[in-house]
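Hi everyone, thanks for coming. Let me put today's model up on the screen.

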Amino acid sequence: MGDQVKYLLDESRIPKHWYNIQADLPKALPPVLHPGTMKPVGPDDLAPLFPMALIMQEVTTEREIEIPEPVRDIYRVWRPAPLFRARRLEQALGTPAKIFYKYEGVSPAGSHKPNTAVAQAFYNKEAGVTRLTTETGAGQWGSSLAFAGALFGIDVTVFQVRVSYDQKPYRRALMESYGARCVASPSSETEYGRAVLAQRPDHPGSLGIAISEAVEIAAQREDTKYALGSVLNHVLLHQTVVGLEAIEQMEMADAYPDVIVGCTGGGSNFAGITFPFIGAGLRGGAKPRIVAVEPAACPSLTRGKYAYDFGDTGHMTPLTKMHTLGSTFTPPGFHAGGLRYHGMAPLVSHLKELGLIEAVAYHQVECFAAGIQFARTEGILPAPEANHAVKGAIEEALRCKREGRSETILFNLCGHGHFDMQAYMDYASGKLTDQKYDEKELAMALSGLPSVPEPA
């Protein structure tokens with residue numbers, strides 16, 4: 001038996017600080033702009049949506065941000081999350097590579113999302129906020145914020161993308177079990193939602209539309225703030241507990257990754273696993289290859305334009321510079337609902353522009369095939385989003401096999417697929433097909449990007 005499979009840290013080893021990659025960037029992140037003035041936004045511009053503590057985390061360049069003890073205390077419910085050596089998958093692939101995965105599906109909501117949901121709920125509670133609005137695709141983020149809202153006594157309203165609302169009733173049931181209200185988006189509850197439905201009553205929805213609805217409600221009420229599950233700097237900051245733990249666990253395994261793989265939709269789980277390792281490399285340590293894996297049906301990093309754009313379809317948010325498919329782009333209704341977002345996190349986009357990360361895109365059927373192979377060797381059925389990371393890791397392992405290289409591969413298994421069984425049933429019956437976006441719609445969305453003057 002001597003070959004160790006899992007690497008566990010004691011609760012005392014939960015990180016005491018989040019890691020902020022902005023402290024180590026060779027070139028500063030482009031500023032967030034006000035769409036009216038085209039000038040950098042200030043804290044007052046964001047105050048209607050976020051508590052000041054989160055606004056300051058959004059803009060700070062300090063390397064370490066202390067994790068409040070009440071947040072660490074709740075983290076203890078599932079953190080530190082385990083690191084596994086995928087020995088049976090290695091054997092099945094016949095690869096000389098060593099494959100490790102950090103498993104974030106052990107959280108109550110079944111994904112990495114509570115890492116930031118708990119933090120955001122804490123800071124909103126401290127600021128006296130009693131209601132939060134948010135959006136969700138697959139429902140992992142919505143159920144995580146619902147969980148956090150229950151812990152801190154905050155009412156949560158979740159606008160869930162219509163296609164996912166219909167595809168994933170059990171995610172909706174989980175949100176409601178935690179006490180949240182779940183609304184299919186586009187909805188008749190907001191001015192923007194009604195406008196979208198007036199143009200297309202059967203609109204499948206998008207994360208951009210759901211964000212617009214949640215932002216509209218939050219901006220109208222003094223007692224309500226908005227919470228976002230990915231994309232923004234403070235969200236990515238909170239997720240770095242994943243990579244910080246993984247660094248210690250890789251040391252326990254007497255190994256260090258040559259390649260790190262993460263799936264990317266908005267960028268939060270990818271940032272969580274990779275940023276601490278990238279930061280170590282920027283400070284003079286080893287520099288692993290970093291591979292972002294995105295869906296071919298919503299390929300912001302591989303097909304999008306690096307430009308200023310709105311984070312939502314209704315154009316209620318500030319402008320951020322990111323890889324974008326255009327804020328009016330509606331991705332097809334493939335099953336990895338958490339990856340169906342038109343833009344990529346500004347920090348992840350910036351790292352791509354600096355040449356610090358690579359990006360690849362895969363179709364959903366091949367990703368589900370990878371997830372099934374993983375389940376049949378390692379026993380965990382991944383979420384459709386996580387299947388993209390599994391596919392990316394398998395491709396790297398097969399490359400090592402072809403090249404005869406014994407590299408160490410690390411990936412983030414960001415959530416389980418226990419609420420996604422309809423998708424797996426569709427895959428098994430041959431009903432799951434690769435979906436392609438409309439090239440004309442993409443071209444139209446990109447042609448409508450905001451005109452931002454170049455800095456003097």
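I'll talk about a pocket first, and then a sheet.

This is a predicted model, where local features need pLDDT of at least 70, side-chain atom pairs count only at pLDDT 80 or more, and totals for chains, interfaces and linings use all residues. Residues are numbered from 1 along each chain as its sequence is written, and side-chain values use heavy atoms, with hydrogens and water left out.

So, how big is the largest pocket? Its volume is about 600 Å³. A pocket here is an open set of points on a 1 Å grid over the protein atoms alone, where a 1.4 Å probe fits, with protein on both sides within 12 Å along at least five of seven lines; lining residues have an atom within 4 Å of a point. The volume is the space filled by probe spheres set on the points, which are joined across faces, edges and corners.

There are 33 lining residues, and Val32, Glu58, Leu232, Asn233 and Thr320 are the closest to the centre. Helix H2 contributes the most, four residues; H2 spans residues 52-59. Helices are DSSP runs of H or I with at least four residues, strands are E runs of at least two, and both are numbered from the N terminus.

Now the sheet, please. Seven strands make an open, mixed sheet, ordered E1-E4-E5-E15-E10-E11-E14. Two strands pair if DSSP finds at least two bridges between them. At the edges sit E1 (6-7) and E14 (358-362), each pairing on one side only. E14 runs parallel to E11 (residues 289-295), over five bridges, and Val293 has Val360 in E14 as its bridge partner.
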